[in-house]
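Here are my notes for you, written as numbered points. Keep the structure open beside them and find each residue as you read.

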Amino acid sequence: MAYVINTKDSIIDILKTPKGSRVMRPNYGSDLYLLRDRTFNEEWKLTAQQNIFDAIYAIEDTGERQGQRIEPRAEYIKTEFEINAVSGKVSIIIYIKDNETGEIIDLEMN
């Protein structure tokens, strides 16, 4: 039985994994965890968008002249943010295009 992971689950895993935490894959992951407990403002949004873009388009060093993208099945489109006025919890909605199916996928991270 083969283990199959879809593009959406793969992107969520990349974004929730702290960058540098995987010994053999130092470019895998994102720096989104560094934004915890920071003031939610325009600078926070820009940093989050840059971290998301960098994580999706990260190049893994394969030891050859050209590296390989960590997640080649996805194309970043845009990011939106929603904040819950009562709890102050920020939701990040990421729109990506699945290059295998051509579908636009929205990922929501809390």
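**Notes on the sheet, the helices and the core**

1. Strands here are DSSP runs (E, at least two residues), as helices are (H or I, at least four residues), and both are numbered from the N terminus. E4 and E5 run antiparallel and are joined by 6 bridges.

2. A word on the source: this is a predicted model, in which local features need pLDDT of at least 70 and side-chain atom pairs count only at pLDDT 80 or more, while totals for chains, interfaces and linings use all residues. Residues are numbered from 1 along each chain as its sequence is written, and side-chain values use heavy atoms, with hydrogens and water left out.

3. Now step back to the sheet. It is open, with 3 strands in the order E3-E4-E5 and antiparallel pairing (two strands pair if DSSP finds at least two bridges between them). E3 and E5 are at the edges with a single partner strand each, so one side of each has no neighbour in the sheet. From one strand to the next, the twist averages 20°.

4. Next, the helices. H1 lies across E3, E4 and E5, and runs at about 35° to E5. H2 packs on the sheet by touching E3 and E4, and its direction makes about 150° with that of E3. Such angles run from 0 to 180 degrees between N-to-C directions, with axes fitted to C-alpha atoms, for helices over the stretch in contact; contact means heavy atoms within 4.5 Å.

5. Which residues of the largest nonpolar core touch the most other members? They are Leu 15, Ile 52, Ile 94 and Ile 96, out of 24 residues. H2 gives the largest share, 5 residues. Such a core is a set of buried Ala, Val, Leu, Ile, Met, Phe, Trp, Tyr and Cys residues joined through side-chain atoms within 4.5 Å.

6. Take a closer look at Leu 15, which is found in helix H1. Is Leu 15 buried or exposed? Leu 15 is buried, because its relative accessible area is 3% (buried means under 20%, exposed over 50%, partly exposed in between, with a 1.4 Å probe and protein chains only). Beyond its neighbours within four places in sequence, Leu 15 contacts residues including Ile 52, Ile 94 and Met 109. Leu 15 and Ile 52 are 37 residues apart in sequence, and their C-alpha atoms are 6.9 Å apart in space.
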